[in-house]
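Please read the points below with the sequence and the model open.

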Amino acid sequence: MTAMHGRGAERLLGVAASPHLLLVEDDPADAILFEDLLTEAQPDVRITVATTLREALGALRPEIQCVIVDLSLPDAHGLDALRQVLAHAPGTAVLVLTGLADAHVGVEAVAAGAQDYLVKQDVDSALLSRAISYAIERKRADESERQLVEARALSRENARLERGLLPVPILPDDTLRHHARYRPGRYRALLGGDFHDTVQTADGAVHAVIGDVSGHGADEASLGVRLRMAWRTLVLAGHTGERLLGTLDAVLQHERWGDEIFTTVCMLTIAPDRRSARLHRAGHPRPLLFGPDGVEPVPDEPRGPALGLFPGADWPGLDLELGDSWGLLLYTDGLIEGHAGEEYLDLSGLTELARAAHGDGRQGDALLDGLIAEAERLNGGVLSDDMAILMLSRDES
């Protein structure tokens with residue numbers, strides 16, 4: 001229970017929104033003097049007085065903005081009293097009171113975490129009021145800076161973690177060109193629910209995947225990473241085609257947090273001679289095939305449903321003849337769900353953009369960046385959904 005001289009256990013002056021101070025002082029005369037000085041300078045101040053450290057710790061509340069503590073108390077002396085107050089109220093401003101002979105202790109108190117110190121014999125109402133105001137604002141500034149430093153450190157740590165989770169293609173074949181773009185829809189995020197990966201196996205085949213987890217957010221990004229890593233592991237273990245998709249479907253069903261979560265996937269296996277490929281689609285948009293005669297979407301059939309929708313579903317493959325010079329563009333629907341006038345860009349709009357870019361001789365990074373820029377121009381602003389684009393190409397001319 002908070003102790004106080006004859007003025008009562010707690011003195012509340014002014015309105016509820018007024019400053020609330022805790023004065024820790026065992027000398028009744030000094031306590032009265034400080035109360036008078038405080039109310040003279042700030043008539044609406046709220047004051048709680050404790051005569052011991054134990055009472056002070058019991059009186060600490062979140063609404064108290066500043067603690068004024070005498071460093072000579074019956075149950076604590078010197079910096080021990082300060083350290084205990086700071087430990088119990090790390091977010092509260094603290095002023096320490098010293099005598100003339102102990103002014104050096106005040107300096108040590110500031111070094112230990114107090115916002116300021118006051119020599120009792122030198123205090124007047126204006127100095128006391130100013131010191132309290134400065135202490136509160138200094139503490140707020142310190143807390144803001146601490147939170148900013150922590151936020152920056154956390155942001156850097158998250159960025160390193162997310163960068164470490166982004167794919168690094170395993171593609172020793174330098175006759176293939178690999179270009180990719182990845183952009184999450186979440187503000188200031190590095191990962192979204194979309195994912196892609198490329199792996200060349202020991203038999204010379206090149207496997208590529210692009211996928212899109214339904215929904216947006218950190219949970220979807222985490223699930224996307226787990227699915228990508230599961231896909232890479234399965235490919236390196238020799239799995240391909242429907243067998244791989246069936247296993248990936250089982251992984252999704254075990255890893256997802258709700259039955260409504262599904263994932264679209266487009267998976268490509270390019271033959272070792274690079275002249276043909278086999279494509280599997282699980283509810284995913286059709287890739288674009290670039291060839292000497294222009295750009296066309298791959299046939300719509302055969303295909304299967306998105307993963308996570310129908311247990312035991314089939315995902316038949318589509319065989320593609322590529323020839324000597326070709327390019328395959330895989331993408332998630334974030335690229336085509338922006339507007340183009342009153343309609344969505346959709347596959348037809350993307351195909352037209354790709355044909356124009358291909359006709360202008362754009363390749364690689366210039367091609368991908370140009371498609372994104374045109375899609376955003378038609379949309380009237382940045383595309384809001386997660387977006388991944390992967391292009392593999394070969395030119396023997």
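1. Domain bounds here come from an automatic or database domain assignment. For this chain the assignment gives domain 1 (20-149) and domain 2 (167-394). The C-alpha centres of domain 1 and domain 2 lie 62 Å apart.

2. The model is predicted: local features need pLDDT of at least 70 and side-chain atom pairs count only at pLDDT 80 or more, while totals for chains, interfaces and linings use all residues. Residues are numbered from 1 along each chain as its sequence is written, and side-chain values use heavy atoms, with hydrogens and water left out.

3. Helices (H or I, at least four residues) and strands (E, at least two) are DSSP runs, numbered from the N terminus. Buried means under 20% relative accessible area, exposed over 50%, and partly exposed in between (1.4 Å probe, protein chains only). In helix α3 (residues 79-88), the buried residues are Leu79, Ala81, Leu82, Val85 and Leu86. These residues lie on the same side of α3 because they cover an arc of only 155° around the axis; the arc is that of the directions from the helix axis to the C-beta atoms. The face of α3 turned away from the buried side carries the exposed residues Ala87 and His88.

4. Glutamate 220, in helix α6 (residues 218-236), is buried, with a relative accessible area of 10%. Apart from neighbours within four places in sequence, glutamate 220 is in contact with Gly192, Gly193, Val213, Ser214, Gly215 and Trp257. Glutamate 321, in strand β16, is exposed, at 67% relative accessible area. With neighbours within four places again left aside, glutamate 321 is in contact with Arg275 and Ser276.

5. How far apart in space are glutamate 321 and phenylalanine 34? The C-alpha to C-alpha distance is 90 Å, for a separation of 287 residues in sequence.

6. Phe262, Leu309 and Phe310 form a nonpolar patch on the surface, with about 270 Å² of accessible area together. Accessible areas come from the Shrake-Rupley method with a 1.4 Å probe; for residues, only the protein chains shown count as cover. Patches are made of residues with over 30% relative accessible area and no salt bridge; like charges are joined within 9 Å, nonpolar side chains (Val, Leu, Ile, Met, Phe, Trp, Tyr) within 5 Å. A salt bridge is a side-chain nitrogen of Lys or Arg within 4 Å of a carboxyl oxygen of Asp or Glu. Leucine 309 is in the loop between β15 (294-297) and β16 (317-321) and is partly exposed, at 40% relative accessible area.

7. Some backbone details deserve a check. Most residues other than glycine have a negative phi, and most peptide bonds are trans. A cis peptide bond, with omega about 0°, joins glutamate 301 and proline 302. Proline 302 is in the loop between β15 and β16.

8. Arginine 274 has a positive phi, near 65°. Arginine 274 is in the loop between β12 (263-270) and β13 (276-282) and is buried, with a relative accessible area of 4%. Aspartate 346 also has a positive phi, of about 60°, although it is not a glycine. Aspartate 346 lies in helix α8 (residues 346-359) and counts as partly exposed, at 42% relative accessibility.

Methods:
Contact means heavy atoms within 4.5 Å.
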